Amino acid sequence: MEKLKNCILSQVDVKEHVMTTILSAFKPLEVNKGEFFLKSGKICRQMAFIDSGYLRMYDIVDGKEITLWIGSQGRFITSLSSFVFETSNHWNIQAITNCKLYTINRDAHFKLNKTEPKWLEFDNLLLANSFALLEKNMFSQLHTTAKQRFLSLLNEEPDLFKNVPLQYIASMLGITPESLSRLRKTH
């Protein structure tokens, strides 16, 4: 749980006894490669911190898998709207590698929001960062070239290219695997 603790402390200053309360709400979960953390159509009742491994958030459109995002070590993953509003989820979240997660269920999450102001502060930052990432990705798809998106991802998350199948990365970048191959050869 050290990575989870450090992730929280990187955003907010939390006293040790409060951190103990927060961490006690999380439960370890191992998800093996190919297994699902969440399937489309279900209500999402958990949020996960990725201690190790890679998870892919994707949907199937016209029979084709479209990757929205790849979650890696030190990140949180969930279907945000389903988790918050208890609505049907639109995404599949599947382990690309064996993953070690720490999960918090919806009830424990919202109880912490009411009882621990530092968790609420962290949760607000997590939400703001999620929207900022979504905004950045939308802007990137509209206003950058495939090469610029590739270089940006390579710079920000070089380990993805060593641990994640290229067709998932290509899909996330909005390009074909062949285009990604060509871009990789030139860099």
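Trainee: What do the buried residues of H1 pack against?

Mentor: In this predicted model, they pack against H2, strand S3 (46-52), strand S6 (76-77), strand S8 (99-105) and H5. The buried residues in helix H1 (residues 2-9) are Leu-4, Lys-5, Cys-7 and Ile-8.

Trainee: How do you know that the buried residues of H1 line one face of the helix?

Mentor: Look down the axis of H1: the buried residues fall within an arc of 160 degrees, so they line one face. An α-helix has 3.6 residues a turn, so residues three or four places apart point the same way.

Trainee: Good, now the rings. What makes Phe-26 and Trp-119 an aromatic pair, and why is the pair called edge-to-face?

Mentor: Ring centres must lie within 6.5 Å to pair, and these are 5.9 Å apart centre to centre. The planes make 70 degrees; because over 60 counts as edge-to-face, that is the name the pair gets.

Trainee: Which parts of the chain does that pair link?

Mentor: Distant ones: Phe-26 is in the loop between helix H2 (16-24) and strand S1 (27-31), while Trp-119 belongs to helix H5 (residues 117-143), 93 residues apart. Ring pairs also join Phe-26 and Trp-119 with Phe-49, Phe-76 and Phe-122 in a cluster. The count of aromatic pairs comes to seven.

Trainee: Why is Phe-26 called buried? And what about Trp-119, buried or exposed?

Mentor: Buried means under 20% relative accessible area. Phe-26 has 3%, so Phe-26 counts as buried. Trp-119 has 0%, so Trp-119 is buried as well.

Trainee: Last one: what makes you say that the charged end of Arg-56 sits over the ring of Tyr-58?

Mentor: Two tests apply: CZ of Arg within 6 Å of the ring centre, and within 35 degrees of the ring normal. The charged end of Arg-56 is 3.7 Å from the centre of the Tyr-58 ring and sits over that ring. Likewise, the charged end of Lys-39 sits over the ring of Phe-36, 4.8 Å from its centre.

Methods:
Residues numbered from 1 in each chain as written. Predicted model: local features only at pLDDT ≥ 70, side-chain atom pairs only at ≥ 80, totals over all residues. Heavy atoms only, no water. Phe/Tyr/Trp six-rings, centres within 6.5 Å; stacked < 30°, edge-to-face > 60°. Helix = DSSP H or I, 4+ residues; strand = E, 2+ residues; numbered from the N terminus. Buried < 20%, exposed > 50% of the residue type's maximum accessible area, 1.4 Å probe, protein only. Arc of directions from axis to C-beta. Contact = heavy atoms within 4.5 Å.
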